[in-house]
Amino acid sequence: MKINMKYLSLLLILITANASAEQSNDWVKQIQIHGFATQGLVFTTDNNFYGDSDHGSADFTELGINANMQISPKMRLAGQLLSRHAGNMDDGSLRLDYAILDINLIASAQGNLGLYLGRIKNPLGLYNETRDIGHTRASVFTQQAIYFDKVRDLTMSADGINLYGEYFLANGTLLLQAGLGYPIPDDNVEQTYLGQNWAGELEANQPALIGRIMYEHDGGRWIVALSGASLELDFKAGLADSINSGKLEIDYSILSTQFNGEKWQFTAEGAIQKSNFIGLGGAYEDVKPLGFTLEAKYRFTSKWQAFIRSETFYLDKEDKYGHLANKKLQLLSDTLYGGQLPIQPSYNRYSQAWVVGGRWDINNNLMAAADYHVIKGGAILSGADNDMYTTTKYWDMFAVSLSYRF
């Protein structure tokens, strides 16, 4: 297990930037600078998650630095640079995670109304906007049945415009965010939805509709949210590709609820999706994915907490275990390909897991976390790290991480 020295170097840059900001000129002091870093180790009994985890992998590193500046009473600039290494899914190259101009249109005792312009974090579920920051997660990884890391870039940010608002009620707050933005699909999205990285290009030529309505009751003791996105991706086949040019239409909705008590936190999220493949060829059929999670977290002290979580995902809620889909693929293979069409195991079309773990907040800046996953199925696995035709149905995963923030 080798940890690339460039990640340690970037971590030193983050710490140095923090120290420099404290000693800077007055105009620099108007800029608030924060950063975070997480290094993880992943071990699996079979299959690979974030690198060669079957033999132990340190290929999980998250590093980010963000800044925001109030340029006028009603305008704010904010942005974040991110480096993320995640096995073969992400090589750690530096990218612009978000960059926004925040314009406050209305501010009153009853609420606020504003506008985001730029590259905006998508308001999906309870955790999407902060999922890269280790301190915001109860576990080493976000809930994979809802927040799939293998299509992370498609859901994380979009380039566009969002209207946001909050309205103060007698016993709670109503929050709304909605807008249009161009998603940012990468090779992992193509690998996941189209089965491999083809010579052609998968891109977003139409803006997606993205939004969330959330109600926080009694200062956040109860939270209920409905969020979703509707998007279209165009695929232009290359000359050597054996599939046609076409479209992928995705409608995605998440219902979230959370209770926050003095010691206990209970969270439930469910996601439904419609994925329509248009014009790509006979091997691609429309599916209706379904995912849901239930989590209970208990805080023993201000520094120690533990959780237990159930995660379930089906690639098609009408064919939960993939048997019907595999029969159709086998018929297609026998009819058109002489039985030579490769077919993945049916258990790659679902995932069922129990996860237990905990975290130790060592101090305000440093936190350690550990998870143990007992998993059936391979739907959360990435084809970038696995040969999806030879995966194992039953497998366990143990992960630990150390996170720093300033």
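**First stop: a buried arginine**

Select Arg131 and Asn128: their side chains are joined by a polar contact of 3.0 Å. (A polar contact is a pair of N or O atoms within 3.5 Å; within protein, one must be able to donate a hydrogen and the other to accept it, and residues adjacent in sequence count only if both atoms are side-chain atoms.) Before you go on, know that this is a predicted model, where local features need pLDDT of at least 70, side-chain atom pairs count only at pLDDT 80 or more, and totals for chains, interfaces and linings use all residues. Residues are numbered from 1 along each chain as its sequence is written, and side-chain values use heavy atoms, with hydrogens and water left out.

Where does Arg131 sit? Look in the loop between strand 5 (111-121) and helix 3 (152-156). (Helices, H or I with at least four residues, and strands, E with at least two, are DSSP runs numbered from the N terminus.)

Is Arg131 buried or exposed? Arg131 has 4% relative accessibility, so it counts as buried. (Buried means under 20% relative accessible area, exposed over 50%, and partly exposed in between, with a 1.4 Å probe and protein chains only.)

Next, show what surrounds it. Leaving out residues up to four places away in sequence, Arg131 touches Glu62, Arg137, Thr142, Tyr147, Phe148, Asp149, Arg152, Thr155 and Met156. (Contact means heavy atoms within 4.5 Å.)

**Second stop: a proline**

Jump to Pro185, in the loop between strand 7 (172-183) and helix 4 (187-194). Pro185 is buried too, with a relative accessible area of 18%.

Select Glu203 as well: 18 residues separate Pro185 and Glu203 along the chain, yet their C-alpha atoms are 6.3 Å apart. Pro185 touches Glu203, and also Leu154, Leu202, Ala204 and Leu233, not counting residues up to four places away in sequence.

**Last stop: zoom out**

Switch to a cartoon view of the whole chain, which has 5 helices and 17 strands. Its radius of gyration is 22 Å, close to the 22 Å that the globule rule gives for 406 residues, so the chain is as compact as a globular protein of that length. (The radius is taken over C-alpha atoms, and the rule is 2.2 Å times the number of residues to the power 0.38.)

Finally, colour by burial, and buried residues make up 49% of the 406.
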